[in-house]
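Thanks for coming, everyone. Let me put the structure up, and then I'll walk you through it.

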Amino acid sequence: MAATDTFQRPADAAGRTDPAALYVRSYLNIRTVVGIIGLALPIAFIVGEAAYLRGSVHVRGSISAYYHSSMRDLFVAGLSVVGFLLLTYMSAQPRTWDYWLSTVAGVAVIGVVFFPTRRVGIEPGAPLCGVQPEPAGCAPMQQALGENTVAVVHFTCAAIFIGSLAAIAFIFAYREKKYENDRRMELVQKICGWAIIAAVVWVAVGGLLRLSMGEVTPLYLGEVVAVWAFGTSWLLKGRDLTAGLFPPKPAPEPASTEEPQPRVV
């Protein structure tokens, strides 16, 4: 299994009948959609909740906390779409690192959705999910397994998801260097990978030192940076879709500077 053992792109990615071109466009579409969702979700949560609350902008303590807000449907839908796209990405090539890492990331992010974080704003000593009568705001999974148990699964899945995304960014960087010889894109992908790792470190250090900035907690800021780095990485890798469908026009040949020769009669 090799990080670079991926499908060879056809010369004409815009072909409408070539199966190879259609296959390539399908996974480039997945990269593009995943990247757009990754970049858009953190903003959509804030804007959507502000619209729902009629102008009141409120930043939650983490992205996961939007599950327990008016943005629950968007949270579940957005992350579920990302998860299932990651599961189908490169599914025809199971002997590649891309496939395995994206599969692990897809399973993990679906776990983030179905095993939600703890409820927000619980008073000290208040009953947790899993007891009777059922506390307000409990998800079915929390009530069935217990709030703390579900929270442990949630954070484990989140950590696996973020770690897999960082690894995929470094694989993208390796391929840019090895096969595309694009040093700038290699650097950008490495920056995305290290940004994800730095975000995880910031969450740990900032949380330990309680370095909140108003409503913006270290956890929320770290999650947003990691998700945006992931979205940027995948969106840029999907750029090849545009290049394939709309190839640059060949430059016109330079005009001849030679003197015109007299015609022989």
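**Helix α5 and the rest of the fold**

Start with α5. Its 34 residues should span 50 Å at 1.5 Å a residue, and its end C-alpha atoms are 48 Å apart, which agrees. The expected span here is 1.5 Å times one less than the number of residues in the helix. Helices are DSSP runs of H or I with at least four residues, strands are runs of E with at least two, and both are numbered from the N terminus.

Two notes on where this comes from. This is a predicted model, so local features need pLDDT of at least 70, side-chain atom pairs count only at pLDDT 80 or more, and totals for chains, interfaces and linings use all residues. Residues are numbered from 1 along each chain as its sequence is written, and side-chain values use heavy atoms, with hydrogens and water left out.

Now the overall picture. The protein has eight helices and zero strands. From the N terminus the elements run α-α-α-α-α-α-α-α. There are 265 residues, and 43% of them count as buried. Buried means under 20% relative accessible area, exposed means over 50%, and partly exposed is in between, with a 1.4 Å probe and protein chains only. Take the contacts with a separation of 6 or more: 64% of them are between residues 24 or more positions apart. A contact means heavy atoms within 4.5 Å.

Next, the core. A nonpolar core is a set of buried Ala, Val, Leu, Ile, Met, Phe, Trp, Tyr and Cys residues joined through side-chain atoms within 4.5 Å. The largest one here has 48 residues. Inside it, Phe-75, Phe-161, Ile-196, Phe-230 and Trp-234 have the most contacts. Two or more residues each come from α1 (19-52), α2 (72-88), α3 (97-114), α5 (147-180), α6 (183-209) and α7 (218-237). Which element gives the most to this core? It is α5, with ten residues.

Look at Phe-161. Leaving out neighbours within four places in sequence, Phe-161 is in contact with Leu-86, Ala-105, Ala-108, Val-109 and Phe-230.

Phe-161 turns up again in the largest pocket, among the lining residues closest to its centre. On a 1 Å grid over the protein atoms alone, a pocket is an open set of points where a 1.4 Å probe fits, with protein on both sides within 12 Å along at least five of seven lines; lining residues have an atom within 4 Å of a point.

What is the lining made of? It divides into 22 nonpolar residues, four polar and one charged. Here Ala, Val, Leu, Ile, Met, Phe, Trp, Tyr, Cys and Pro count as nonpolar, Asp, Glu, Lys and Arg as charged, and the others, Gly among them, as polar. At least two lining residues come from each of α1, α2, α3, α5, α6 and α7.

On to α3. It has 18 residues and reaches 26 Å from its first C-alpha to its last, close to the 26 Å expected. α3 is mostly covered, with 13 of its 18 residues buried. Thr-103 sits in this helix. Is Thr-103 buried or exposed? Thr-103 counts as buried because its relative accessible area is 15%. Beyond four places in sequence, Thr-103 is in contact with Leu-86 and Leu-87.

Not counting residues up to four places away, Ile-30 touches Leu-85, Thr-88 and Tyr-89. Leu-39 and Leu-235 are 196 residues apart along the chain, yet their C-alpha atoms are separated by 8.9 Å.

Last, the backbone. A cis peptide bond joins Gln-132 and Pro-133, with omega about 0°. Pro-133 lies in the loop between α3 and α4 (140-145). Arg-210 has a positive phi of about 55° although it is not a glycine. Arg-210 is in the loop between α6 and α7, and is exposed at 71% relative accessibility. Just after α5, Asn-181 also takes a positive phi of about 55°.
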